[in-house]
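Thanks for coming. I will go through some side-chain contacts in one structure, so please have the sequence and the 3D view open.

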Amino acid sequence: MGHRARTRHAVLTAALVAATLTASLTAGCTRHHPPDDARTPHRPSAPTGAATLTSAAGSPLAVKIDNVPAARPQTGLGAADIVYAEQVEGGLSRLMAVYATRLPKAVGPVRSARESDLELLRQFDEPTLAFSGAQRALLPLIRRAPVHAESPDEAADAYYRAPGRTAPHNLYVRPARLLPTAPGRAALTTGFHYGPAPSGGTPETSRTVRYPAARFTFTWSTQRGGWLVAMDGTPTTTTDGGRPAPATVVVQYVKIRSSRYHDALGNRTPYTETTGSGKAEVLRDGRSFDATWSRPSAADGTAFTAFTAADGGRMNFAEGQVWVVFAAAAS
């Protein structure tokens, strides 16, 4: 009887634990959907000595944003200080928006991180990275990187699933639940300089950048004082701020190679190299300026990207939002 009683007690205890765990997993709005891109969400606890979230208050927030047609219109793009466009699997595109001067109520749809994101983010001082997941083999690299990685597993209350959209294109983040306040412009340690345009340049009304299965078109608007964005031939709009019109667009020519990691189908994911040097094209004030970029290394903390005009002087950007489109350099 004693043995059977102990056995029955153990079974009941195990059932109670399992029920409690199931309830906790289904309580959050993001837990009952499959991981983004069939990747594993980031689960491990912070290593000993890691900085807490409050220590990132003076650093910007970077959010990985979905950019396939099913994800549009996006939310929160207009509030970003910088929007990076990168090539991902299948020749498609994905965005990473960086917020420092203001935080919108919501940003999304949020998608997964890539290996090259970590190199790019070394320009900032321990930024907070909002992302939906990552390949399992990439997670240790994310844990070691100088970023505050905040996926739905670390900050479930910061994320929600929007009704009317299907997974994985329906995950959004509330920035105010990741950062106590916008850190301010000083957190934008990219090396970008703002001021009067250099001499010269070529009048430009429209510029298109093509990926194998995606394209961006920027059309100058005198009325807006910026470049109206279109993606894949469709005018870009947002759910909360109308049509983005960045004051400056940078077409940065970089090396795009295969990374060490694979997607869910076994294909190697692209790696966008943001260190080194190369050519660039800077669009501002209705003109196109030839430029070069240089970022020697990402190894020593914050290593910014310097842009130089064709005359050898500093390439100033126009005040306002900046879009940087990483395009494949000619081999």
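I will start with a term: a residue counts as buried when its relative accessible area is under 20%, as exposed when over 50%, and as partly exposed in between. Also keep in mind that this is a predicted model.

Salt bridges come first. How many salt bridges does the structure hold? There are nine.

Take arginine 111, which makes a salt bridge with aspartate 66; their closest N and O atoms are 2.8 Å apart. The two sit in distant parts of the chain, 45 residues apart: aspartate 66 in the loop between β1 and β2, and arginine 111 in the loop between β3 and α2. Is arginine 111 buried or exposed? Its relative accessible area is 5%, so arginine 111 is buried. Aspartate 66 has a value of 1%, so it is buried as well.

The next bridge is between lysine 64 and aspartate 117, again with 2.8 Å between the closest N and O atoms. Here strand β1, residues 61-65, supplies lysine 64, and helix α2, residues 115-121, supplies aspartate 117; the partners are 53 residues apart. Aspartate 117 counts as buried because its relative accessibility is 1%. Lysine 64 is at 0%, so lysine 64 counts as buried too.

Arginine 72 is in the loop between β1 and β2, while aspartate 232 is in the loop between β12 and β13, 160 residues apart. Aspartate 232 is partly exposed, because its relative accessible area is 27%. Back at lysine 64, there is also a network: shared partners join Lys64, Glu86 and Asp117 through salt bridges.

Now the rings. The structure holds ten aromatic pairs. One of them is tyrosine 84 with phenylalanine 326: the centres are 5.8 Å apart and the planes are at 5°, so this pair is stacked. Tyrosine 84 belongs to strand β2 and phenylalanine 326 to strand β21, 242 residues apart. Tyrosine 84 counts as buried because its relative accessibility is 4%, and phenylalanine 326, at 3%, counts as buried too.

Another pair is phenylalanine 307 with phenylalanine 317, which is tilted, at 5.5 Å centre to centre and 55° between the planes. Phenylalanine 307 is in strand β19 and phenylalanine 317 in strand β20, so the pair ties together parts ten residues apart in sequence. Both of these phenylalanines are buried. They also belong to a cluster, in which ring pairs link Phe192, Tyr194, Phe307 and Phe317.

Strand β19 deserves a look of its own.

Last, two arginines at ring faces. Tyrosine 194, from the ring cluster, has arginine 185 over its face, at 4.5 Å from the ring centre. The other case is tyrosine 271, where the charged end of arginine 257 sits over the ring, 4.1 Å from its centre.

Terms used: Residues numbered from 1 in each chain as written. Predicted model: local features only at pLDDT ≥ 70, side-chain atom pairs only at ≥ 80, totals over all residues. Heavy atoms only, no water. Salt bridge = Lys/Arg side-chain N within 4 Å of Asp/Glu carboxyl O. Helix = DSSP H or I, 4+ residues; strand = E, 2+ residues; numbered from the N terminus. Buried < 20%, exposed > 50% of the residue type's maximum accessible area, 1.4 Å probe, protein only. Phe/Tyr/Trp six-rings, centres within 6.5 Å; stacked < 30°, edge-to-face > 60°. Lys NZ or Arg CZ within 6 Å of the ring centre and 35° of its normal.
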